[in-house]
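Take a look at the model below. We will start with its aromatic rings and then turn to its pockets.

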Amino acid sequence: AETRLATSEAHLTLAHHAANLGAWDWKVGTEEVYWSPEYYALHGISPDKPPRQQYWLDSLHPDDAERIKSRLAYFLETSDGWHEEYRV
């Protein structure tokens, strides 16, 4: 099982790198955030900095920021599905 997990993680890392994609995970209700190395690079943030939700909010395009912040507040209140397109 450990070998399969390590192989799966290696494939996911390779796919992110090849597609120039980043991944992130946020445990809602906490400040615990994970960013992949690719996510740091896409946002121009040093991987030495701990990931913070505020960095993501600060990266939103000004024309999209208020809408996304409003949708995020709605999502956190309702736990309704989250599917948004926005620019950073």
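A residue counts as buried when its relative accessible area is under 20%. Over 50% it is exposed, and in between it is partly exposed. Keep in mind that this model is predicted. Now find Trp35 and Tyr39. Both are buried.

These two residues also form an aromatic pair. A pair of aromatic rings is described by the distance of the centres and the angle of the planes. Ring pairs link Trp35, Tyr39, Tyr40 and Tyr55 into a cluster.

In total, the count comes to six aromatic pairs. Another of them joins Phe75 and Trp82. Here the ring centres are 6.0 Å apart and the planes stand at 65°. Planes over 60 degrees apart count as edge-to-face, so Phe75 and Trp82 make an edge-to-face pair. Trp82 has a relative accessibility of 30%, so it counts as partly exposed.

Next, the empty space. Rolling a probe the size of a water molecule over the atoms shows where such space is left. The largest pocket holds about 160 Å³. Phe75 and Trp82 turn up again in its lining.

What kinds of residue make up the lining of the largest pocket? Eight are nonpolar, one is polar and one is charged.

Methods. Residues are numbered from 1 along each chain as its sequence is written. This is a predicted model: local features need pLDDT of at least 70, side-chain atom pairs count only at pLDDT 80 or more; totals for chains, interfaces and linings use all residues. Side-chain values use heavy atoms; hydrogens and water are left out. On a 1 Å grid over the protein atoms alone, a cavity is a set of points where a 1.4 Å probe fits but cannot get out, and a pocket is an open set with protein on both sides within 12 Å along at least five of seven lines; lining residues have an atom within 4 Å of a point. Grid points are joined across faces, edges and corners, and a volume is the space filled by probe spheres set on the points. Ala, Val, Leu, Ile, Met, Phe, Trp, Tyr, Cys and Pro count as nonpolar, Asp, Glu, Lys and Arg as charged, and the others, Gly among them, as polar. Rings of Phe, Tyr and Trp (its six-membered ring) pair if their centres lie within 6.5 Å; planes under 30 degrees apart count as stacked, over 60 as edge-to-face and the rest as tilted. Buried means under 20% relative accessible area, exposed over 50%, partly exposed in between (1.4 Å probe, protein chains only).
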